[in-house]
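Let's take a friendly walk through a protein model. Have the sequence and the 3D view ready as you read.

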Amino acid sequence: MTMTANKIALSERYTALFHANRARLDEGSSNLINRMRDIAIKRFEKVGIPGFKNEDYKYTNLERVFDQDYRHILEYEKVDIDLNEAFRCDVPQLDTHVVLLVNGWYYAKNQPLQNLPKGVVVGSLQEVANEQPELVQDYLNRQAGLSEDPIVALNTALAKDGFFLYVPDHVVLEKPIQVINLMRAEDAVFATQRNLIVVGKNSQAKVIFCDHTLSARDFLTNNVTEVFVGEDAVADVYTVQNQDNQANSINSSFFKQGANSNLLTSVATLHGGLIRNNLKVEFAGEHAEANVYGMSFTDKKQHVDNFTNIEHAYPNCLSNQVYKNVLDEDSVGAFTGRIHVVRDAQKTNAFQRNNNVLLTDSAKMNTKPQLIIDADDVKCSHGATVGQIDEEALFYLRARGIGESDARMMLMNAFAHEVVQNIRVEPLRDRIDELVEKRLRGELARCHSCDMS
C-alpha cells in the first residue's frame, strides 16, 4: 500500500469512528458542543491525518502515532485515584487550587474548590455547558473553529469534556489553578480533551497544566485549549509535559487578547514520545502584549515539534517569543514560528528567537522562523541557531578548576534559565529549574515529581 493510500485509509478509519459513535458522542453533551461536530468532521475529511506534504506538519510524522489500535475514551470511565497518594506534587511552597483530569475527562471525585472569589467557576466543560450555557456560548469554538488544522477539527468532532475556567470582570484570582492531566490505563488509549479558559476584563488568573502518566502504555492525546483574555486582563498559562516516552500528544492552544491585556505562556517539555505543540495568539485590541516561551530536553528517540503563529491584527501590540531546545542521543526537534503583521497593524513590535544545542551528531533539529509583514511602521526580528556547547565558554570554566561535567551542566542550566526565569510563579520557577537540572543529569525518569502506582 502506498503512503497516499495508507493516509486515506487511516483518515477514513477516524471518520468511520465518528459516524459509528455519533449517538454516544451526543449523549450527555450540551448542544453547544454537539452542534460543532458535523462541520468539524467534514473539515477533517478534506485533509485527513496530515503527512509530510502538509507544510505545517512537514517535520512531524503523525501517521505512525495515529495508525495504532487505540481504545477511544468516548464516555466517562470510573476510576479510583487518590490525588494525595497517586500524585504528590513535590513543590511544598506551591499553593494552588488543584483539579484532576483523567484520560481527558474531569475527575468526578474532584472536591469543590474552596475560597474562590465570587463568580469564579472551575469545573468540567461538559457539566458547565449543560448547566450554565451562558458562560460558554460566546467563547466555545470561536477560535478553534476558524482553524484549518485537521487535528483540531478531529478534536472538535470527538471531544466531550475537559477543563473549564471562568473569571468574571474585575476579579483577581490570587491562587493559581493547577490542572493535573493524568493518563492511566492498562491498554492503548486515545483521549480527546477540550479546555476553555475565560479571563474577564481587568481580571487576573494563572493556570498551570501538568501532563503526566501513571501507566507505561501507548497513549495518544489530542488536546485543544481556547483562552480568552479580556481588556486590561492578565493571564498566565504554564504547561509542564513530563510523560512516559510511550505517550504521544498533540496540543493546540488558541489565545485571543483584548486591548491592553497581558499574556504570558510557557511550555516545558521534559519527557514524552512524540509531542506536537501548536500555539496561536490573536490580538483583538491595541496595546496588548504576549510573551511566549518554550523549552524542551530530549533524548533517545523523542520527537518534539513546536509550531507558533502570532497574528498582529491591531496596532501598538508587542509579542516576544523565545524557544530553546537541548537534544541528546537520536532525538529530533522542530520549531516553526510564524509572525503575521496585517496592513493596518502599525507600531507593532514582534520578536522571535529559537536557539538549539545538539549534544550528539545523531540528534537533529529543524527550525523555520517566518515573518509576514504587511505594515511599514513596525519593529520585527527573528533568528535561529543550531549548534553545540560553546567550547570557549567551556574552556573558560575548566581553566578555573571546574570539572568538564560540571562545566557542561552549568552552561546548559544557563542556556535554559533564560526561559525559566520568566515564570511569574516563584515556587514553580524554582521547581522547574530543579527539574531541568535533574533532567540534564539523567536523574529524571518519566515522572520524578510523582509516585507511580
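This is a predicted model: local features need pLDDT of at least 70, side-chain atom pairs count only at pLDDT 80 or more; totals for chains, interfaces and linings use all residues.

Residues are numbered from 1 along each chain as its sequence is written, and side-chain values use heavy atoms, leaving out hydrogens and water.

Start at Ala 144, in the loop between α7 (125–131) and α8 (150–158). Helices (H or I, at least four residues) and strands (E, at least two) are DSSP runs, numbered from the N terminus. Ala 144 has a relative accessible area of 2%, so it is buried. Here buried means under 20% relative accessible area, exposed over 50%, and partly exposed in between (1.4 Å probe, protein chains only). Leaving aside residues up to four places away in sequence, Ala 144 touches Val 152, Arg 194, Val 224, Glu 226 and Phe 254; contact means heavy atoms within 4.5 Å.

The loop between α7 and α8 also holds Asn 141, which is buried at 18%. Asn 141 is not a glycine, yet its phi is positive, about 70°. Most residues other than glycine have a negative phi. Glu 329, in the loop between β16 (318–327) and β17 (332–341), also has a positive phi, near 50°. Glu 329 is partly exposed, at 35%.

For Cys 380, the nearest cysteine sulfur, that of Cys 317, is 12 Å away.

Notes. A disulfide is a pair of cysteine sulfur atoms within 2.5 Å.
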